[in-house]
Amino acid sequence: MTAGCECGQVTVGLLNIMDALTAGSALIAVQLCVAVIMAGTFYTLPEEKCTRYWAQSGALVGLGVLVIIINAGAPNYPLLIIGNNTLIAGLICQWWGLQAFHGRNPGRLGWVVLGAYFLLYGLLLLVKADIADRSALSAAASALIFILNFHELWMRGTLRVSFASALATGALVLLIGGFTFRAVASVLHDAAYLATTTSAAGVIVVYFLPLVGTLLFSVALMLLYFERLVQTKHHIATHDELTGLLNRRAIICLGEREIDLALRTREPLSVAYIDVDHFKQINDELGHENGDAVLVELAQVLTDTCRSTDLIGRYGGEEFCIVFPGIGLEGVEILGTRLLNAVRAHRFCGRLAVTISIGFAVLPADGERRPWKDLINAADSALYRAKKTGRDGFRIASEAALDESSAGEASHLHTSG
């Protein structure tokens, strides 16, 4: 990911004709392009805090780099202060954008870093410190901010295995390493790594590494953002908007997959079809808002009661469906009682007692292949019998019910004792 790796054998030739001014101009051009891209992203998604911070970052960094290179190390204090502090402020905005990306409000640490840098840089100017000392401070501050970016990505679990995360990791390692090396070289007063360098190695460290690193990191941030958009779109397509459970399409698709898996592994599988008792009465007496609240709380009760491997979905209206991989007839007996008791014990909307009725269909470990439609129809018939004979109970469809449309006649009832 370094300039040497990317350019290969032509690097030496390029550096022979590339001076600091040309490299600096390229860095400015890249920074301005990044600023335009970030601004365009913010214009497209103005409601996102992260895009706003990244647009500000692109503009501030581009302006800071432009002023610094125009000044070219001259003792022009206003330009030095404006250029360097604007650059650091832009890097901090980039970090704030990452925090906003993870749903966090920017803390005080960014202001502390910016304030400390402003005071220390002003102090260096007051004591007439040379360009090497000022360069050391700026490089150290930049490295610190990129370390904070890396820490933010790492702590929020963003650096998982994906192309965008690998790109962000590589870019940050490149930037942290480059600026740390430059800070150390500046402390040692090595003129080869100052902004006025004429050294090929200096051009790489001072200009090429920031150019490549900032470009890659900016692209990585955009890719991370678009990855999240794709994940959000997928979640919306497969999950119920109200309860957050799997929607009907997703539960059918995943249920069919679990049936195939159960047949291959010779493991049992059970499907539960659940309906809220007297839900229309809840809506009529308490209003649809409270009815929705009951569904949301019931979804949470079911999630808390079931295993993480169970598939829970809203099948429509007040009806829910749960797929229990590895659970046979004996397990269903326990599950039915557990689910009923969990719902009975919960007070919905803080005061309301609600009950459910459940129909179960079981695919035995040694059973023949059954399509999803047969299982859910058998569970639906068992649910109908549970509701018809008193509600607040569950029925288990017999194997005969999987072959006959009158599944309820072959079920047996389990009610509260």
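User: What makes Phe146 and Phe179 buried or exposed?

Analyst: Both Phe146 and Phe179 are buried. The word means under 20% relative accessible area, while exposed means over 50% and partly exposed lies in between (1.4 Å probe, protein chains only). A word on the source: this is a predicted model, where local features need pLDDT of at least 70, side-chain atom pairs count only at pLDDT 80 or more, and totals for chains, interfaces and linings use all residues. Residues are numbered from 1 along each chain as its sequence is written, and side-chain values use heavy atoms, with hydrogens and water left out.

User: How many aromatic pairs are there, and why is the pair of Phe146 and Phe179 given its name?

Analyst: The structure holds 11 aromatic pairs. Rings of Phe, Tyr and Trp (its six-membered ring) pair if their centres lie within 6.5 Å; planes under 30 degrees apart count as stacked, over 60 as edge-to-face and the rest as tilted. The centres of Phe146 and Phe179 are 5.8 Å apart and their planes are at 25°, so this pair is stacked. Phe146 belongs to helix α7 and Phe179 to helix α8, so the pair ties together parts 33 residues apart in sequence.

User: What kind of pair do Phe360 and Phe394 form?

Analyst: With 5.7 Å from centre to centre and 90° between the planes, Phe360 and Phe394 are edge-to-face. Phe360 is in strand β6 (residues 356-363) and Phe394 in strand β7 (residues 393-396), 34 residues apart. Helices (H or I, at least four residues) and strands (E, at least two) are DSSP runs, numbered from the N terminus. Phe360 and Phe394 are both buried.

User: What makes β6 largely enclosed?

Analyst: Eight of the eight residues of β6 are buried, so the rest of the structure largely encloses this strand. Ile356, Ile358, Phe360 and Val362 point one way, Ser357, Gly359, Ala361 and Leu363 the other way.

User: How do you know which strands pair with β6?

Analyst: Two strands pair if DSSP finds at least two bridges between them. Eight bridges join β1 (residues 269-276) to β6, and these strands run antiparallel. Leu269 stands opposite Leu363 there. Three bridges join β6 to β7, which run parallel, with Phe360 opposite Ile396.

User: What makes Arg52 a charge over a ring?

Analyst: The rule asks for NZ of Lys or CZ of Arg within 6 Å of the ring centre and within 35 degrees of the ring normal. The charged end of Arg52 sits over the ring of Tyr53, 5.7 Å from its centre. Tyr53 also forms one aromatic cluster with Trp96 and Trp111.

User: Last one: what is called a nonpolar core, and how many residues has the largest?

Analyst: A nonpolar core is a set of buried Ala, Val, Leu, Ile, Met, Phe, Trp, Tyr and Cys residues joined through side-chain atoms within 4.5 Å. The largest has 62 residues, and those with the most contacts inside it include Trp54, Ile92 and Phe146. Helix α9 gives the most to this core, with 14 residues. A second, separate core of 32 residues includes Leu302, Ile327, Leu335 and Ile358. Across the protein, buried residues make up 50% of the 417 residues.
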